[in-house]
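Please read it beside the structure itself.

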Amino acid sequence: MNDSAPASPARPVLDVWCELQCSDCGTALDDLRALRERYGDRLELRLRHFPLDKHKHAYAAAQAAEEALDQGQGWPFVEAVLARVAEFDSAGEQVLFDVARELGLDAEELDTALIDGRHTLIVDADQAEGKAIGVTGTPTYVIDGERLDGGQSQEGLRERIETIADRLLAA
């Protein structure tokens with residue numbers, strides 16, 4: 001998911017392989033916010049979907065995130081769902097519709113998108129690409145070809161990403 005303009009060669013891209021039912025991804029939000037604050041639009045953050053089999057609602061959440069992007073609220077939707085991981089685990093997909101309504105999205109259209117599967121190709125492509133590059137859990141970051149696994153610990157990852165981004169921006 002990318003709700004910004006296409007990247008130019010001078011603009012580094014940080015792919016964030018994420019799953020919206022993952023508590024570690026929720027923890028990573030603070031780092032993502034700090035990176036957005038520090039770099040603004042000089043660093044492109046792209047959410048890449050990697051729903052895990054162990055989370056029953058993750059695939060639907062990935063599709064819902066794409067629908068939210070189509071409705072102009074991609075990252076706000078992702079952040080709101082990740083902020084409710086515990087509730088999402090227990091209440092299920094109703095949380096997706098609640099978040100959509102709170103953000104002023106068309107919840108009926110989100111429901112239709114989940115039924116007709118219009119975003120499954122994007123989710124499947126992200127997941128396949130993730131597997132191809134060795135993503136096994138979430139969050140996983142890829143910047144300048146370097147994969148950083150955040151599933152075990154976020155500690156030090158933002159600093160490593162900043163070091164790479166600063167080097168790329170200086171080049």
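The points below take the basis of the model, then the sheet, the helix pairs, and some local details.

1. Basis. This is a predicted model, in which local features need pLDDT of at least 70 and side-chain atom pairs count only at pLDDT 80 or more, while totals for chains, interfaces and linings use all residues. Residues are numbered from 1 along each chain as its sequence is written, and side-chain values use heavy atoms, with hydrogens and water left out.

2. The sheet. Four strands form an open sheet in the order E2-E1-E3-E4, with mixed pairing; helices (H or I, at least four residues) and strands (E, at least two) are DSSP runs numbered from the N terminus, and two strands pair if DSSP finds at least two bridges between them. Strand E2 (44-49) and strand E4 (146-149) are the edge strands, each with a single partner, so one side of each has no neighbour in the sheet. On average, neighbouring strands are turned by 20° against each other, direction ignored.

3. Strand E1 (residues 13-18) and strand E3 (residues 140-143) run antiparallel and are joined over four bridges, with Val142 in E3 as the bridge partner of Asp15.

4. Helices H1 and H3. Helix H1 (residues 23-39) packs against helix H3 (residues 74-82) at an angle of about 140°, the axes being 9 Å apart; axes are lines fitted to C-alpha atoms, for helices over the stretch in contact, and angles run from 0 to 180 degrees between N-to-C directions. In contact (heavy atoms within 4.5 Å) are Cys25, Gly26, Leu29, Leu32, Arg33 and Arg36 of H1 with Trp75, Glu79 and Leu82 of H3. Two of these residues also form a charge-ring arrangement, since the charged end of Arg36 sits over the ring of Trp75, 5.0 Å from its centre (the criterion is NZ of Lys or CZ of Arg within 6 Å of the ring centre and within 35 degrees of the ring normal).

5. Helices H5 and H6. The axes of helix H5 (residues 94-102) and helix H6 (residues 107-116) come within 9 Å and cross at roughly 145°. Phe97, Ala100 and Arg101 of H5 make this contact with Ala107, Leu110, Asp111 and Leu114 of H6.

6. Backbone details to inspect. Which peptide bond is cis? The bond from Thr138 to Pro139 is cis, with omega near -5°, and Pro139 is found in the loop between helix H7 (120-132) and E3. Asp144, in the loop between E3 and E4, has phi near 55°, a positive value in a residue other than glycine. For context, most residues other than glycine have a negative phi, and most peptide bonds are trans.
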